[in-house]
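This briefing goes through one structure by topic, beginning with a pocket and moving on to the fold, the sheet and the aromatic pairs. Please keep the sequence and the coordinates at hand while reading.

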Amino acid sequence: LIVVPLLVACGGREKRAEKIAEETVVKTLYYPDTYEPVETVVDSAFVSIYTNQEALAAAYEIIDLKQEREHLQMDYSSALSSVSLWKDSWGSYSREQYRQAKEELADAERKLKDCEADLKKQKTIIRTCYETINEGEFFGWGIAHRFRAENGNGNKLIGDVLILTDKDMENVVNVFTSDEFDDHNINKLQDVIDEVLDEESEDDN
């Protein structure tokens, strides 16, 4: 008598998950009428820094900012070399080149400082998220859904999506698509978050 209601509840959850998955996916398709469900798996979802939308967005920013910093560091080195080259030169042309080089150096230095400040800001966001979330607490359901649909070129492809819902499966909390993972691999995002949290642990020690 106890088992029967549990089976009914699980069956209802699967049906609800399939409906949520279809409603979520169809909104994003070029040709909604080509949608075909392949597989849907429902499992408990727990609070994690690795699925926290704000923390992931900050990790995205950190990856981009680190790339920008590399370019800015090259600009700074180039400007510094120019300053050294023209510093002790004579003549109006040389003085003008020296002046321009100093301006470029100051500009590169300012941009580097701004970039470092932005990096620090994004790292603070990740640390704050980690300190304020209840890591490991059950918060809802994860719906892993695979489907077929035609893309913008009319080719039918396989797609994957992970949908996070609340405990009652009433509201979608977050959606992760394979396309998003391709832009910045999810493992890379997790590595960035781990690196930020490890930096904080080292600072504490």
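The second largest pocket holds about 170 Å³ of space. What follows describes a predicted model, in which the chain has 205 residues, 30% of them buried. The chain contains five helices and four strands, and read from the N terminus its elements follow the order α-β-α-α-β-β-β-α-α.

**The second largest pocket**

- The lining of this pocket is made up of Val-47, Ser-48, Thr-51, Asn-52, Gln-53, Ile-133, Phe-139, Leu-164, Val-173 and Asn-174.
- By residue class, the lining of the second largest pocket divides into five nonpolar and five polar residues, with no charged residue.

**The sheet**

- The four strands form an open sheet in the order E1-E2-E3-E4, and their pairing is antiparallel.
- Strand E1 (36-46) and strand E4 (172-177) are the edges of the sheet, and because each has a single partner strand, one side of each is left without a neighbour in the sheet.
- On average, and with direction ignored, neighbouring strands of this sheet are turned by 20° against each other.
- Strands of a sheet pair through backbone hydrogen bonds, and this can happen in a parallel or an antiparallel manner.
- Ten bridges connect E1 with strand E2 (residues 138-150) in the antiparallel sense, and within this part of the sheet Val-41 has Ala-144 in E2 as its bridge partner.
- Strand E3 (residues 156-166) is joined to E4 by five bridges, again antiparallel, with Thr-165 standing opposite Val-172 in E4.
- The hairpin of E3 and E4 has five residues between the strands, and there Met-169 takes a positive phi near 55°.

**Aromatic pairs**

- The structure holds four aromatic pairs, and two of them are described below.
- In the pair of Tyr-35 and Phe-147, the ring centres lie 6.1 Å apart and the planes stand at 35°, and since planes between 30 and 60 degrees apart count as neither stacked nor edge-to-face, the pair is tilted.
- Tyr-35 belongs to the loop between helix H1 (3-26) and E1, whereas Phe-147 belongs to strand E2, so the pair ties together parts that are 112 residues apart in sequence.
- Tyr-35 is buried, because its relative accessible area of 12% falls under the 20% cut-off, and Phe-147, with a relative accessibility of 11%, likewise counts as buried.
- In the pair of Phe-46 and Phe-138, the ring centres are 6.0 Å apart and the planes stand at 70°, so the pair is edge-to-face.
- This pair also links distant parts of the chain, with Phe-46 in strand E1 and Phe-138 in strand E2, 92 residues apart.
- Phe-46 counts as partly exposed at 45% relative accessibility, and Phe-138 also counts as partly exposed, at 29% relative accessibility.
- Phe-46 and Phe-138 form one aromatic cluster together with Trp-141.

Definitions and conventions. Residues are numbered from 1 along each chain as its sequence is written. This is a predicted model: local features need pLDDT of at least 70, side-chain atom pairs count only at pLDDT 80 or more; totals for chains, interfaces and linings use all residues. Side-chain values use heavy atoms; hydrogens and water are left out. Two strands pair if DSSP finds at least two bridges between them. Helices (H or I, at least four residues) and strands (E, at least two) are DSSP runs, numbered from the N terminus. Axes are lines fitted to C-alpha atoms, for helices over the stretch in contact, and angles run from 0 to 180 degrees between N-to-C directions. Rings of Phe, Tyr and Trp (its six-membered ring) pair if their centres lie within 6.5 Å; planes under 30 degrees apart count as stacked, over 60 as edge-to-face and the rest as tilted. Buried means under 20% relative accessible area, exposed over 50%, partly exposed in between (1.4 Å probe, protein chains only). On a 1 Å grid over the protein atoms alone, a cavity is a set of points where a 1.4 Å probe fits but cannot get out, and a pocket is an open set with protein on both sides within 12 Å along at least five of seven lines; lining residues have an atom within 4 Å of a point. Grid points are joined across faces, edges and corners, and a volume is the space filled by probe spheres set on the points. Ala, Val, Leu, Ile, Met, Phe, Trp, Tyr, Cys and Pro count as nonpolar, Asp, Glu, Lys and Arg as charged, and the others, Gly among them, as polar.
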